[in-house]
Amino acid sequence: MTAPVFIMTPRTLEPAGGAQTARIGDMLTLTGTEARHAVTVRRLQVGERVDLVDGAGLRLVCEVVRAGANGARDRLTARVRERVEEAESTVRMVLVQALAKSGRDEQAVETATELGVDAVVPWQAERCVSVWRGAKVAKGRARWQATAREATKQARRAWVPEVGELLTTRSLTRWVRETTQTGGVVLVLHEEAAAPIGGVRLPDPDDCERPMVAVIVGPEGGIGAEETAALQEAGATTVRLGPHVMRTASAGPAALAVLAQRAGLWG
């Protein structure tokens with residue numbers, strides 16, 4: 001069974017800055033809610049393995065030496081057994097997810113994170129039932145980021161996907177143009193598209209350093225004709241995912257799985 005993963009930050013690790021200088025044999029103490037979860041929920045015991053990650057590729061493979069000592073349930077002390085710097089993927093996978101009701105957008109973020117997505121971009125499409133305005137913008141983005149963070153731990157990843165700023169259709173069109181002009185590929189999932197996703201040519205990492213492959217997923221009501229035309233004009237390609245129409249929560253992750261396999265990321 002793989003070791004549980006907990007995310008460390010400069011504020012939740014002692015000594016301060018210990019992650020950057022940690023070497024084999026060093027002792028580190030995880031504090032705060034992550035440590036409390038390790039001690040009270042996972043009930044980690046002395047001698048068990050635990051991985052501490054910083055969300056940016058650093059993984060410290062550790063052994064628990066103290067868990068909740070002296071009643072301090074928000075402290076976990078571990079000895080570093082191995083230091084691993086995990087490289088970024090050769091292709092940057094991005095999910096552009098339209099806002100959706102009933103938590104289906106967060107479900108998409110969760111599953112995409114487990115599948116290895118590198119970044120998620122929220123999109124306020126014309127047909128979105130869910131709307132982020134005012135304070136909801138920051139709250140919604142924070143909620144998605146928290147979802148990605150928890151899914152990272154579940155998937156035992158060392159990289160936490162970044163949740164970008166909310167885009168309107170106009171700003172998304174600009175983003176598509178910039179992405180495609182720099183060698184990236186942007187695919188719009190559309191049930192009426194003729195081209196299958198499996199036949200799209202993907203960028204070669206040898207031709208462009210860490211090229212981007214992005215998937216755009218519309219809301220429950222679909223992507224409007226004018227929106228589709230604008231995205232295509234900006235350089236996006238409409239593709240068909242398969243013979244069936246999928247929910248907004250599952251379409252993006254399904255597409256990412258196909259593309260990750262084709263790009264050799266799961267080899």
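This report walks through the helices of one predicted model, then a few single residues.

Residues are numbered from 1 along each chain as its sequence is written. Because the model is predicted, local features need pLDDT of at least 70 and side-chain atom pairs count only at pLDDT 80 or more, while totals for chains, interfaces and linings use all residues; side-chain values use heavy atoms, with hydrogens and water left out.

## How the helices pack

Helices here are DSSP runs of H or I with at least four residues, strands are E runs of at least two, and both are numbered from the N terminus. Two packed helices are described by the angle between their axes and the distance between the axes. Axes are lines fitted to C-alpha atoms, for helices over the stretch in contact, and angles run from 0 to 180 degrees between N-to-C directions.

| Helix pair | Angle | Axis distance |
|---|---|---|
| α3 and α7 | about 15 degrees | 7 Å |
| α3 and α4 | roughly 35 degrees | within 8 Å |

Start with α3 (residues 104–115) and α7 (residues 248–262). Their angle makes α3 roughly parallel to α7. Angles under 35 degrees count as roughly parallel, over 145 as roughly antiparallel, 65 to 115 as roughly perpendicular and the rest as oblique. The crossing of α3 with α7 is right-handed. A right-handed crossing has the near helix turned clockwise from the far one by less than a right angle; anticlockwise is left-handed.

Which residues of α3 and α7 make the contact? Contact means heavy atoms within 4.5 Å. From α3 come Arg104, Gln107, Ala108, Thr111, Ala112 and Leu115, and from α7 come Thr248, Ala249, Pro253, Leu256 and Ala257. By class, the residues of this contact are seven nonpolar, three polar and one charged. Nonpolar covers Ala, Val, Leu, Ile, Met, Phe, Trp, Tyr, Cys and Pro; charged covers Asp, Glu, Lys and Arg; the others, Gly among them, are polar.

Now turn to α3 and α4. This crossing is also right-handed.

## Helix α4 and its residues

Helix α4 (residues 135–154) has 20 residues. From first C-alpha to last, α4 reaches 29 Å, close to the 28 Å expected at 1.5 Å a residue. The expected span is 1.5 Å times one less than the number of residues.

Which residues of α4 are buried? They are Gly140, Trp144, Thr147, Ala148, Ala151, Thr152 and Lys153. Buried means under 20% relative accessible area, exposed over 50%, and partly exposed in between (1.4 Å probe, protein chains only). An α-helix has 3.6 residues a turn, so residues three or four places apart point the same way. Elements covering the buried residues of α4 include β1 (5–7), α2, β7, α3, β8 and β9 (162–163).

Take Ala148, which sits in α4. Ala148 counts as buried because its relative accessibility is 0%. Leaving out residues up to four places away in sequence, Ala148 touches Val109, Thr113, Val160 and Pro161.

Helix α2 (residues 32–41) holds Glu34. Glu34 counts as buried because its relative accessibility is 6%. Beyond neighbours within four places in sequence, Glu34 is in contact with Phe6, Ile7, Arg149 and Lys153.

## Helix α5

Helix α5 (residues 169–181) has 13 residues and reaches 18 Å, close to the expected 18 Å. Its buried residues are Thr169, Ser171, Leu172, Thr173, Trp175, Val176 and Thr179. Among the elements covering them are β7 (92–98), β8 (119–124), β12 (212–217) and α6 (225–233). Just after α5, Gly183 has a positive phi of about 100 degrees.

Most residues other than glycine have a negative phi, and most peptide bonds are trans. Arg156, in the loop between α4 and β9, has a positive phi near 65 degrees. Arg210 has a positive phi near 45 degrees and lies in the loop between β11 and β12. Arg210 counts as partly exposed because its relative accessibility is 22%. A cis peptide bond joins Glu14 and Pro15, with omega about 0 degrees. Pro15 is in the loop between β2 (13–14) and α1 (18–21).
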